Every structure is written in structure tokens, then in C-alpha cells.
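Visitor: I would like to learn how to read aromatic rings in a protein model. Could you guide me through this one?

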Amino acid sequence: MFPRLLIITLFLLPCLCQAEIRLWKNADASRSFRGEFIKREGDKVTVRVVNNGSVVTIPLEVLHQDDIAWLDKQAAGGGGAGGGGGAEQPPEIATGCFYDTLAFGDDRATVIKKLKASKRFHSELNETYFNRVGLNGTFETTPGNEFFGMKAAIYYEWDENNGLKNLSLYGHETAPAEAKTALIPRWNQMIRDITRYFGEPKSSSPKPMYAGLGEGEITFSHVWPMKTGGTLLMGVGKQDDKLMIIARFSREQH
């Protein structure tokens, strides 16, 4: 079971026109307020509300695409109110590895050892229970070291020699009814940040493909070849009647 996400709605506030102040909208543009941009940190932006002077921190996933595009322009040096900010910082990858210190072909014991030593992952389950409950889902990203801003749990696929074949990160659990306002904005931001790091995808779709997904099904819409070998795929899956974003590192070339 994945942790539930708190969906924050932007309230409609009166409009006041001041210098270096812009209109901020929620994902479907049904509500808005005027505020001064202060800073952007990862997948959140801090804004001073004109109406009452309060300072609020807002997840990018609840913002309109126009606001996210404006923030991206500031990160790229396009100027604007309040200074810079920045896109999600890319993960550090050790030489010869596909993510963090993990390498394709690592056996189960090596994977556990690397995950326990990594600052990017943690498990609240005692290692003595791994054999009893299985390794899938027992490790998660640590706060501040999410996968391009997404808190995620780790799942694995092994080859016939018990070497690591695929590693998948499952995160951003979303009810299907909230996909347009919650999943799609988070998805779009991740695609932009991943593309900055890995370059243009080999293949892509303009939006995540989740309509009609059955329980346990996954559709991948973006593919990036990795210089270290293998492929990064981004998609959407359905589990326990919830949609989630899935990033999969695969040893195979797609």
C-alpha cells in the first residue's frame, strides 16, 4: 500500500495589481489568486499572497501548466519576479551504474547492501523479515532524495541467474477521478526534469496513457536510452484501484 497524497486546492482571492506580481491558477484554471513569486525548491513554489501578505508553499502538481511553464522559464534564466529557483536536481549516479549505486546484474544480497548504505533509500522493516515478506516495496526514497520530486517505493525483477534485470519506482498514488488535477501536472513536471537530465526521449506520448487501465496493468509512454546501458521508461499503472506513476530502469534496450 502506498501513502495517500494530500491534494491541496488553491482558494480564489481578490486581485490586486502590484509590481512583480502575477496571477496564479490551479490546475484546471477554476481558481486563482495574485501573488509574488519568492522561490522554487524542487516540486514546490513559495509565493507571497497579495490579499493578506501570507507566505504559502504550493506543490507544483496543483498549479496550472502556464504557471509551471513560467517557473521553468525562470529556472532557465528567463528572468521574472522574485529571482531564480530551479528545476528538480538530478540524481547522482555512480560510474557503471544505472541509478545511485545500483547496477544491472547485482544479486539480491548486493542490492540490499547497496540500498541500506545509500542516502537515497530507506526501509522501516527489519532486514530479518525480508525473506518472509519479500523485497518488493520494502525500500522507499528518503525525504529530500525523491526520484525527480516523486516519493516512491522500489520493486524488482530478476533474471534466471538471480541478477537484477529491472528496477521500478512506484509513486504518486492518485484516484482516477483526480488524474487531471493531480497526476498529469506531476507527470508533466517529471518528464521535463528527466528530459533535462537524460536528453530527448527516444519515443514519447503527449500525455500519460491511463484511460482504460485494468488492475495491475502498466502503460509506458516515454523511453530514454541511458549512456550507462539499458533504458529508462516512464509510465502509469493501476493498483488497488489507484493510478500511480512508474519509472522503470530496464537492462533491455527498448
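Guide: Gladly! Keep in mind that this is a predicted model. Let's begin with a charge and a ring: the charged end of Arg-22 sits over the ring of Trp-24, 4.9 Å from its centre.

Visitor: Over the ring of which other residue does the charged end of Arg-22 sit?

Guide: That is Trp-70, with the charged end of Arg-22 4.5 Å from the ring centre.

Visitor: And how do I describe two rings together?

Guide: A pair of aromatic rings is described by the distance of the centres and the angle of the planes. A search of the whole structure finds 13 aromatic pairs. One of them joins Phe-37 and Trp-70, with centres 5.4 Å apart and 85° between the planes. Planes over 60 degrees apart count as edge-to-face, and this pair of Phe-37 and Trp-70 is edge-to-face.

Visitor: Which parts does the pair of Phe-37 and Trp-70 tie together?

Guide: Phe-37 lies in strand β2 and Trp-70 in helix α1, so the pair ties together parts that are 33 residues apart in sequence.

Visitor: Is Trp-70 buried or exposed?

Guide: Buried means under 20% relative accessible area. Trp-70 has 18%, so it counts as buried, and Phe-37 is buried too, at 2%.

Methods: Residues are numbered from 1 along each chain as its sequence is written. This is a predicted model: local features need pLDDT of at least 70, side-chain atom pairs count only at pLDDT 80 or more; totals for chains, interfaces and linings use all residues. Side-chain values use heavy atoms; hydrogens and water are left out. Rings of Phe, Tyr and Trp (its six-membered ring) pair if their centres lie within 6.5 Å; planes under 30 degrees apart count as stacked, over 60 as edge-to-face and the rest as tilted. Helices (H or I, at least four residues) and strands (E, at least two) are DSSP runs, numbered from the N terminus. Buried means under 20% relative accessible area, exposed over 50%, partly exposed in between (1.4 Å probe, protein chains only). A charge sits over a ring if NZ of Lys or CZ of Arg is within 6 Å of the ring centre and within 35 degrees of the ring normal.
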